[in-house]
Amino acid sequence: MRSFSLGRLAQYARYYYVSNSRFVFTILLMMVGIPLLFGVLTRDYHAVKDSVVAFYVFTAFGSALFSTTALRERGRKTMEMTIPVSNEERIVFMVLNSALFFPLMSMVTGVLALTFGTPFYYGDYSLVQIIGSLLKDYYFDYPFYLSIMLMSSCCLLINLLARRRLFVAYLLAFSGFMVLCVMLGNILENTLFYDPEFNKQYFFLYVDSDRIEFWAKVIYSLMPILFYILSYVALRKRQMKW
């Protein structure tokens, strides 16, 4: 079997979505129904927008859970490993879920929820402007999209590395992230902002801020790619040991 085939990838995606159609259908109903319910109860389209954005953030976790559920469930993982699909095709499918399919699903259901709630909103408003604002501020905003991809890639890696208790794995990852933030904060405070002679000549005054901003954007953009690469390595190393 060749290492990668677009046709086999498409067949695998079709099989996976059909076999998990109940989960997908439930998610779609929730992503339309819950924001619409808040819009009907509050008579305010802002409540719908906030709910839609909350579900958009949820897709970062949902896409990782959806992509790995067949590999993690005892009753399905043996059958999943017999499917003629390579690791490369499987990881591409997982990346497409988090980077394309689930964000697109969230965007479409969000537009539908805003549209269906139109008869219940108070005040003067333009549905076109409301939808345009939602798309511009969140779905077409690159930094926000990149944040979703960063969370999605992290969650995918956690789902692939965790053995039995996924909640414990997320808890440990969150604790480690908080410890890392505290350590970095202390390092920055002690090395960049601390002046023992009180000369107030801080390090950041002599650094090219534009260059720092450029490299910060580059590093931030590369982090999801790094986590996806680590997810591929974890998939190759761990999938037969679950």
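A: A salt bridge is taken here as a side-chain nitrogen of Lys or Arg within 4 Å of a carboxyl oxygen of Asp or Glu. The model is predicted, so local features need pLDDT of at least 70 and side-chain atom pairs count only at pLDDT 80 or more, whereas totals for chains, interfaces and linings use all residues. Residues are numbered from 1 along each chain as its sequence is written, and side-chain values use heavy atoms, with hydrogens and water left out.

Two salt bridges are present in the structure. In one of them, E89 pairs with R8, and the closest N and O atoms are 2.6 Å apart. E89 belongs to helix α5 (residues 87-116) and R8 to helix α1 (residues 6-19), so this pair ties together parts that are 81 residues apart in sequence. Helices are DSSP runs (H or I, at least four residues) numbered from the N terminus. Both E89 and R8 are buried, meaning under 20% relative accessible area; exposed means over 50%, and partly exposed lies in between (1.4 Å probe, protein chains only).

E88 forms a salt bridge with R236, with 3.6 Å between the closest N and O atoms. Because E88 lies in helix α5 and R236 in helix α9, the pair ties together parts that are 148 residues apart in sequence. E88 is partly exposed at 22% relative accessibility, and R236 is partly exposed at 47%.

Helix α9 (residues 209-238) also contains S231, which is buried with a relative accessible area of 0%. The side chain of S231 reaches the backbone oxygen of F227 at 2.8 Å. Beyond its neighbours within four places in sequence, S231 is in contact (heavy atoms within 4.5 Å) with I91, S153, L156, L157 and L160.

Terms used: Helices (H or I, at least four residues) and strands (E, at least two) are DSSP runs, numbered from the N terminus. A polar contact is a pair of N or O atoms within 3.5 Å; within protein, one must be able to donate a hydrogen and the other to accept it, and residues adjacent in sequence count only if both atoms are side-chain atoms.
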